[in-house]
Amino acid sequence: MKKRGVVVFVIFLFVVLFTFLVSAAECNDSDDGLDIYTKGEIEGAKSLDNDTVVVEHDYCALEKITSEKLDECDSYDCGVVEWKCVTESGQDIIGSNFSRCSYGCEDGKCLTYEGSSDCDF
């Protein structure tokens, strides 16, 4: 009888640990956070309620319309939407941040002065 109780307890622990490990999705950011000069890729869950893992890439956008992904931009409200890992209630999920780019944005990263190609002198 004691063996049966031990087996049931071990199975219970296994189920609890497996459930915890599966639900605690990791967040991995290729450019380690807010690096506006490097196009990054992030992998993780978008919310605590849904632990489905998604992959997102940093992208160019206009400040007022950050949901519209652009290949490039160079106006005063041009910037990059940078994905990052954030912690909510002790769990890592993905979040985003908009940062303006002084010299424009191309392929998901801000251009530096040297990288700007459309200068009229």
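Trainee: What makes β6 and strand β9 a pair?

Mentor: Two strands pair if DSSP finds at least two bridges between them. β6 and β9 (residues 105-106) have two bridges, in the antiparallel sense, so they meet that rule. Strands here are DSSP E runs of at least two residues, numbered from the N terminus. The model is predicted: local features need pLDDT of at least 70, side-chain atom pairs count only at pLDDT 80 or more, and totals for chains, interfaces and linings use all residues. Residues are numbered from 1 along each chain as its sequence is written, and side-chain values use heavy atoms, with hydrogens and water left out.

Trainee: Which residue is the bridge partner of C73 in β9?

Mentor: C105.

Trainee: What makes C60 and C105 a disulfide?

Mentor: The cut-off is a pair of cysteine sulfur atoms within 2.5 Å. The sulfurs of C60 and C105 are 2.1 Å apart, so the pair qualifies.

Trainee: Why is the disulfide of C60 and C105 called left-handed?

Mentor: The torsion about its S-S bond is about -80°, so it is left-handed. C60 lies in strand β4 (residues 59-62) and C105 in β9, so the link ties parts 45 residues apart in sequence.

Conventions
Helix = DSSP H or I, 4+ residues; strand = E, 2+ residues; numbered from the N terminus.
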